Amino acid sequence: MSSIDRSQSVGGTRTYEVRTYGCQMNVHDSERLAGLLEDAGYVRAPEGSDGDADVVVFNTCAVRENADNKLYGNLGHLAPKKASRPGMQIAVGGCLAQKDRDTIVKRAPWVDVVFGTHNIGKLPVLLERARVQEEAQVEIAESLEAFPSTLPTRRESAYAAWVSISVGCNNTCTFCIVPALRGKEKDRRPGDILAEIEALVAEGVSEITLLGQNVNAYGSDIGDREAFGKLLRACGKIDGLERVRFTSPHPRDFTDDVIAAMAETPNVMPQLHMPLQSGSDTVLKAMRRSYRQERYLGIIEKVRAAIPHAAISTDIIVGFPGETEEDFEQTLHVVREARFAQAFTFQYSKRPGTPAAEMDGQIPKKVVQERYERLVALQEEISWEENKKQVGRTLELMVAEGEGRKDDATHRLSGRAPDSRLVHFTKPEQEVRPGDVVTVEITYAAPHHLLAEGAVLDVRRTRAGDAWEKRNAEKAAAPQPAGVMLGLPKIGVPEPLPMATSGCGCD
């Protein structure tokens, strides 16, 4: 089927494809971009279109060192397709667009639109302007024009959703370029957040993840240092909301009232992602991280005392400029003491425009690689040991969609435990839908997942499962994507934190 045939196969309506790189904020922004395009009359391109859509949008990340190369490589791949398809448009947004601005059009003159992190709502207008004027449109706002949650949204599934509570970051970590691209922290009003959650629950959502660049600093913009703990407790009062998660917090702002709110609010899950970055006080100071090893381990100890079964994950950077072998050993010490369920590990990546990029003591790649491999080996061992402690436990799982790549071959289904561990379980005779809840006994542990090989002990059909079933029925009846609500998000599921894209390394 030709590119033009693909487009015409969706009722003659112009099609779109959004390609997302980077952190959870970008994933959520892409939901907004999809919603904006559908609100403007576009429909999603068929699966496997691979650039054959009428509009291809790149939502970029600027954190990793090869982000530029990846973008321009993908743009180069699309250049001949665009040349052979009159009317095709390419747009580039996100953090790399905010940073590089006019450079993108100079390096890839076939790009039609460049927009930044602060004005994603302008995408449909910029596409139309580029079409009418027949020239590239570059529009980068220097500050937030509208809070993203006021924009249309196209969620991907029916039982869980991101809910953004703030945008931007007030930290000045020397390795991170994100505050320069996302701007200063701006908080949403608590009433607006809770109204969005209630609307989602009314649609069938049973799990939400509160999202912010520095999520537990929430309240600094509205003058209430305990606002985040209060928000967690308020979520506990919403009928039908079964699971509440949040990402990513900063150790500097992690206060005792938040720990108490987590422990005392039944629907706040026993899971915490707490970025470490380094276990060395010397390196933490060079990173401008406003805590030290003792403070960090103290938080972990308090969380474990209040929530014994909490699964704690982290982010760690290896090879920061000036890191000595002794500094690295301090990181290994914290990993042994904290016993993380999972760690997202990164080799330091020099980013132009950050203070760390100009620091003396840049570590040779060979040294960084060797340290990285030692850290990964240690964490794999700990993850496996911690998972083995789950064997014999009876857990409630929320059935997931698309998380078990081998489920068809193994005749299993997959779900997430309250602490977010991934569990593959034997498929019961009774129908089970994504969003439903099953009770299982854990029989086997691997480093990155658990198995429940016996019979399912209980199946609880839920409103979230009903919502998933309704959405699938609507898709079957009408192949085109459903419309979106203006101003409030539709239901959906945030992707689980993947190893390659977790966080921005800036939390």
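A salt bridge, as the term is used in this talk, is a side-chain nitrogen of Lys or Arg within 4 Å of a carboxyl oxygen of Asp or Glu. Good morning, colleagues. Under that definition, E323, E325, E329, E370, R371 and R374 are joined in a network of salt bridges.

Some remarks on the basis of these values. The model is predicted, so local features need pLDDT of at least 70 and side-chain atom pairs count only at pLDDT 80 or more, whereas totals for chains, interfaces and linings use all residues. Residues are numbered from 1 along each chain as its sequence is written, and side-chain values use heavy atoms, with hydrogens and water left out.

I turn to the salt bridges. Searching the whole structure gives 31 of them. Helices (H or I, at least four residues) and strands (E, at least two) are DSSP runs, numbered from the N terminus.

How buried or exposed are such residues? Buried means under 20% relative accessible area, exposed means over 50%, and partly exposed lies in between, with a 1.4 Å probe and protein chains only. E329 is partly exposed at 33% relative accessibility, and R374 is partly exposed at 26%.

A second pair is R245 and E207, with their closest N and O atoms 3.2 Å apart. R245 sits in strand 11 (residues 243-247) and E207 in strand 10 (residues 207-211), so the bridge ties together parts 38 residues apart in sequence. Both R245 and E207 are buried.

E17 is buried at 17% relative accessibility, and R19 is buried at 13%.

Finally, consider helix 16. This helix, residues 463-477, has 15 residues and spans 21 Å from its first C-alpha to its last, close to the 21 Å expected at 1.5 Å a residue; the expected span is 1.5 Å times one less than the number of residues. Which residues of helix 16 are buried? They are A464, G465, A467, W468 and R471. These residues cover an arc of only 160° around the axis, which puts them on the same side of helix 16; the arc is that of the directions from the helix axis to the C-beta atoms. On the other side of helix 16, K470, A476 and A477 are exposed. Thank you.
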